[in-house]
Amino acid sequence: GLLQRRHPKAKLGGGIPAEFERILRRKKDIPSNVNITLEWLKAQPDYDPDAMVYSMTYWGYDVQSEKFQTLANFFWDLYSKEVGSWRDQPLWAYTMSRFHVEPLTLKRYPFNSDGDRTGMNGHHYA
């Protein structure tokens, strides 16, 4: 049980390397961290640079799902070491690819306004 939305830029292609380019362009991490992570990924025999990148803003999961537990444990074992990039999308993309998981698709963000439900000072309601 996993529900996620593809990263908005995923349709442009480029997978994990393209996501790291966007991260660097927007100064969301430093080149040395990105390079450490990319080198580690390239050393993995199952690394697919074209792996789908997912948005991590909103997502749903079943904590009792053995598949999700496998994904989460693998991801957190790597991510919690704080080596390389602190951005989670590239490592999560690798994790999903490694375990051949494609989540159910979240069609839209659950808290976006429908355009007619804004309140005072542009406050948006779900």
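Modeller: Let's begin with a charge and a ring: the charged end of Arg87 sits over the ring of Trp86, 5.1 Å from its centre. "Over" here means that CZ of Arg, or NZ of Lys, is within 6 Å of the ring centre and within 35 degrees of the ring normal. Before we go on, note that this is a predicted model, in which local features need pLDDT of at least 70 and side-chain atom pairs count only at pLDDT 80 or more, while totals for chains, interfaces and linings use all residues. Residues are numbered from 1 along each chain as its sequence is written, and side-chain values use heavy atoms, with hydrogens and water left out.

Tyr61 has a relative accessible area of 43%, so it is partly exposed, whereas Phe68, at 10%, is buried. The cut-offs are under 20% for buried and over 50% for exposed, with partly exposed in between (1.4 Å probe, protein chains only).

Phe75 and Tyr79 make another stacked pair, with 5.1 Å from centre to centre and 20° between the planes. Both residues belong to helix α3, where they are four residues apart, or about one turn of the helix. Helices are DSSP runs of H or I with at least four residues, strands are runs of E with at least two, and both are numbered from the N terminus. Phe75 is buried, with a relative accessibility of 4%; Tyr79 reaches 22% and counts as partly exposed. Elsewhere, Trp40, Phe74, Tyr94 and Phe99 come together in one aromatic cluster.

Helix α3 also leads us to the largest pocket. About 290 Å³ of space lies in this pocket, and its lining has 13 residues, with Thr37, Leu78, Val83, Gly84 and Leu91 nearest its centre. The elements that give two or more residues to this lining are α2 (31-43) and α3 (66-79). It is α2 that supplies the largest share, three residues. A pocket is an open set of points on a 1 Å grid, with protein on both sides within 12 Å along at least five of seven lines, and a lining residue has an atom within 4 Å of a point. Its volume is the space filled by probe spheres set on the points.

Let's finish with the strands. Three of them form an open sheet in the order β2-β1-β3, with mixed pairing. At the edges are β2 (54-61) and β3 (104-105), each of which pairs on one side only. Strands pair when DSSP finds at least two bridges between them; β1 (residues 2-6) and β2 run antiparallel and are joined by four bridges. In one example, Leu3 has Gly60 of β2 as its bridge partner.

Notes: 1 Å grid on protein atoms, 1.4 Å probe; cavity = no way out; pocket = protein on both sides within 12 Å on 5 of 7 lines; lining within 4 Å. Phe/Tyr/Trp six-rings, centres within 6.5 Å; stacked < 30°, edge-to-face > 60°.
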